[in-house]
Amino acid sequence: MPENTGPMAAEHRAEDATVQTAYSGFIRHTQACAECRTGGMDCADASELRRVYRAAKRRAGEVR
C-alpha cells in the first residue's frame, strides 16, 4: 500500500485538524456551559458547535 505523502497527506492533515478543532470547541463549551452541564441537553450554542463538528467529520470522510 503506498504511503500517504505529498499534497494528499497535507490535505488529510488539514481535514483532521479541522475535525479536531471543531470537536474540541464543542467539548470545551459543554464543559464550561452551566446550561449544558445542569440541563443534560445541549444549549443552542452547543447544538451549533455539534453541527459544525459533524459537518467537518462528514466532509473529511467523503474525501477519503
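Contact here means heavy atoms within 4.5 Å. I start with that term because the first residue on my list is described by its contacts, and contact is defined by that distance between heavy atoms.

Some ground rules. This is a predicted model, in which local features need pLDDT of at least 70 and side-chain atom pairs count only at pLDDT 80 or more, while totals for chains, interfaces and linings use all residues. Residues are numbered from 1 along each chain as its sequence is written, and side-chain values use heavy atoms, with hydrogens and water left out.

Let me begin with Phe26. Phe26 sits in helix 1; helices (H or I, at least four residues) and strands (E, at least two) are DSSP runs, numbered from the N terminus. At 9% relative accessibility, Phe26 is buried, where buried means under 20% relative accessible area, exposed over 50%, and partly exposed in between, with a 1.4 Å probe and protein chains only. Which residues does Phe26 contact, leaving aside its neighbours within four places in sequence? They are Asp42, Ala46, Leu49 and Arg50. The C-alpha atoms of Phe26 and Glu48 are separated by 8.7 Å, and these two residues are 22 apart along the chain.

Now helix 1 as a whole. Helix 1 covers residues 6-32, which is 27 residues. The expected span of a helix is 1.5 Å times one less than its number of residues. For helix 1 that gives 39 Å, and the end C-alpha atoms are 39 Å apart, so the two agree. Phe26 is one of the buried residues of helix 1, a list that also includes His12, Glu15, Val19 and His29.

Next, aromatic pairs. Rings of Phe, Tyr and Trp (its six-membered ring) pair if their centres lie within 6.5 Å; planes under 30 degrees apart count as stacked, over 60 as edge-to-face and the rest as tilted. How many aromatic pairs does a search of the whole structure find? It finds 1. Tyr23 and Tyr53 form a tilted pair, at 5.1 Å centre to centre and with 50° between the planes. The pair links distant parts of the chain, with Tyr23 in helix 1 and Tyr53 in helix 3, 30 residues apart. Tyr23 is partly exposed at 36% relative accessible area, whereas Tyr53 is buried at 17%.

On to salt bridges, meaning a side-chain nitrogen of Lys or Arg within 4 Å of a carboxyl oxygen of Asp or Glu. The structure has 2 of them. One joins Arg50 to Asp42, with the closest N and O atoms 2.8 Å apart. Arg50 is partly exposed at 27%, and Asp42 is partly exposed at 30%.

Another salt bridge joins Arg51 to Glu48, where the closest N and O atoms are 2.7 Å apart. Arg51 and Glu48 are 3 residues apart in helix 3 (residues 44-63), so about one helical turn separates them. As a general point, an α-helix has 3.6 residues a turn, so residues three or four places apart point the same way. Arg51 is partly exposed at 47%, and Glu48 is partly exposed at 38%.

Last, the cysteines. A disulfide is a pair of cysteine sulfur atoms within 2.5 Å, and the search finds 0. Cys33 is buried at 15%, and Cys36 is buried at 9%.
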